[in-house]
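Hi everyone, thanks for coming along. I'd like to walk you through one model this morning, so please have a look at it first.

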Amino acid sequence: MKKPQDKGVDKGLYFLFTLAVVVLGWVIAALNTAIAYVALGMDVIPIVTGFIGCLVFVIVLRFLHHAWWLAFLSVVPAFFVLVGSVEYAPEAALENRGVRETVRISSDSAAADGGSRHRFTLVGPSGELKETLNYDGGHPKWSVGERIEVVRDPDRVVPMEERSDVNASGQLGALVMGVVGWTGIALLAGRRGFVRRRAGRRPAFEDVD
């Protein structure tokens, strides 16, 4: 049976709708990165706002595409957007204002209780540091007696990290890669969504066409 066609779909308006979805993706990424800067040291805030933003983009993309599969596919770049926007701000803060120091690990709090919450006490050139290097989980890569280079925030807003783990450019690259992925998927969704609506095709959860 031939499906009814919707000839009333305006191509120009649909193109503007597509561009609006593309811009929405950029705004979500930029806004969540700004929130991460404002809420330095409180990662839960940009994680929650970023998750909500990514969910909004997925829903809007479904309406643009008039089907589900591209919306599901957009979850992959959404992961990069979320991680990049949350992690870039603290990494950049450490790179810009962090104090680099070579220290020796003098003790591990987990050695006493056998737990998985490691709080490494560090000794630098000026004596024992007030801040500890933290690791939650089994088999930490550091051990007592080891000398490492760390970067610590003089304001103690951002947790201290080992120098080799600070990579703001990598997090920015992940963020950009996610936005580029969203942009490509949104443009494809706009093209296919217009065709689907003109042909009168109805969305279905199992539709992978």
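Helix α1 passes α6 in a right-handed crossing; a crossing is right-handed if the near helix is turned clockwise from the far one by less than a right angle, and left-handed if anticlockwise. Helices here are DSSP runs of H or I with at least four residues, strands are runs of E with at least two, and both are numbered from the N terminus. Before I go on, this is a predicted model, where local features need pLDDT of at least 70, side-chain atom pairs count only at pLDDT 80 or more, and totals for chains, interfaces and linings use all residues. Residues are numbered from 1 along each chain as its sequence is written, and side-chain values use heavy atoms, with hydrogens and water left out.

Back to that helix pair. Two packed helices are described by the angle between their axes and the distance between the axes. For α1, residues 11–38, and α6, residues 168–198, the angle is about 160° and the axes are 9 Å apart. The axes are lines fitted to C-alpha atoms, for helices over the stretch in contact, and the angles run from 0 to 180 degrees between N-to-C directions. So α1 and α6 are roughly antiparallel to each other; the cut-offs are under 35 degrees for roughly parallel, over 145 for roughly antiparallel, 65 to 115 for roughly perpendicular, and oblique for the rest.

Who makes the contact, meaning heavy atoms within 4.5 Å? On the α1 side the residues include Tyr 14, Val 21, Gly 25, Trp 26 and Ile 28, and on the α6 side Leu 175, Trp 182, Gly 190, Gly 193 and Phe 194 are among them. The residues of this contact divide into twelve nonpolar, six polar and two charged. For that count, Ala, Val, Leu, Ile, Met, Phe, Trp, Tyr, Cys and Pro are nonpolar, Asp, Glu, Lys and Arg are charged, and the others, Gly among them, are polar.

Now for another partner of α6. Helix α4, residues 75–97, has an axis that comes within 7 Å of the α6 axis, and the two cross at roughly 155°. That makes α4 roughly antiparallel to α6. Which hand does the crossing of α4 and α6 have? This crossing is left-handed. From α4, the contact includes Pro 77, Phe 80, Gly 84, Tyr 88 and Glu 95, while α6 brings in, among them, Gln 171, Leu 172, Met 177, Gly 181 and Ile 185. Here the division is 15 nonpolar, five polar and three charged.

Then there is α1 with α4. Their axes come within 8 Å and cross at roughly 35°, and α1 passes α4 in a right-handed crossing. Ala 29, Asn 32, Thr 33, Ala 36 and Tyr 37 of α1 meet Val 81, Ser 85, Val 86, Tyr 88, Ala 89 and Ala 92 of α4. How many of these residues are charged? There are no charged ones, with eight nonpolar and three polar.

While we're on α1, that helix holds Val 38. Is Val 38 buried or exposed? Val 38 is exposed, because its relative accessible area is 74%; exposed means over 50%, buried under 20% and partly exposed in between, with a 1.4 Å probe and protein chains only. Val 38 and Ala 89 are 51 residues apart in sequence, and their C-alpha atoms are 8.9 Å apart.

Let's move to the strands. Glu 162 sits in β6, residues 161–162, and counts as buried because its relative accessible area is 14%. Beyond its neighbours within four places in sequence, Glu 162 touches Leu 133, Lys 141, Trp 142, Ile 148, Glu 149 and Val 150. Val 150 is twelve residues away in sequence, with 4.2 Å from C-alpha to C-alpha.

Two loop residues next. Pro 140 belongs to the loop between β4, 133–136, and β5, 147–152, and is partly exposed because its relative accessibility is 23%. Leaving aside neighbours within four places in sequence, Pro 140 contacts His 118, Phe 120 and Tyr 135. Arg 156 lies in the loop between β5 and β6, and its phi is near 60°, a positive value in a residue other than glycine.

To finish, the whole chain. There are six helices and six strands, in the order α-α-α-α-β-α-β-β-β-β-β-α. Buried residues make up 39% of the 209. Of the contacts with a separation of 6 or more, 68% link residues 24 or more positions apart. Thanks, and over to you!

Technical notes. Contact means heavy atoms within 4.5 Å.
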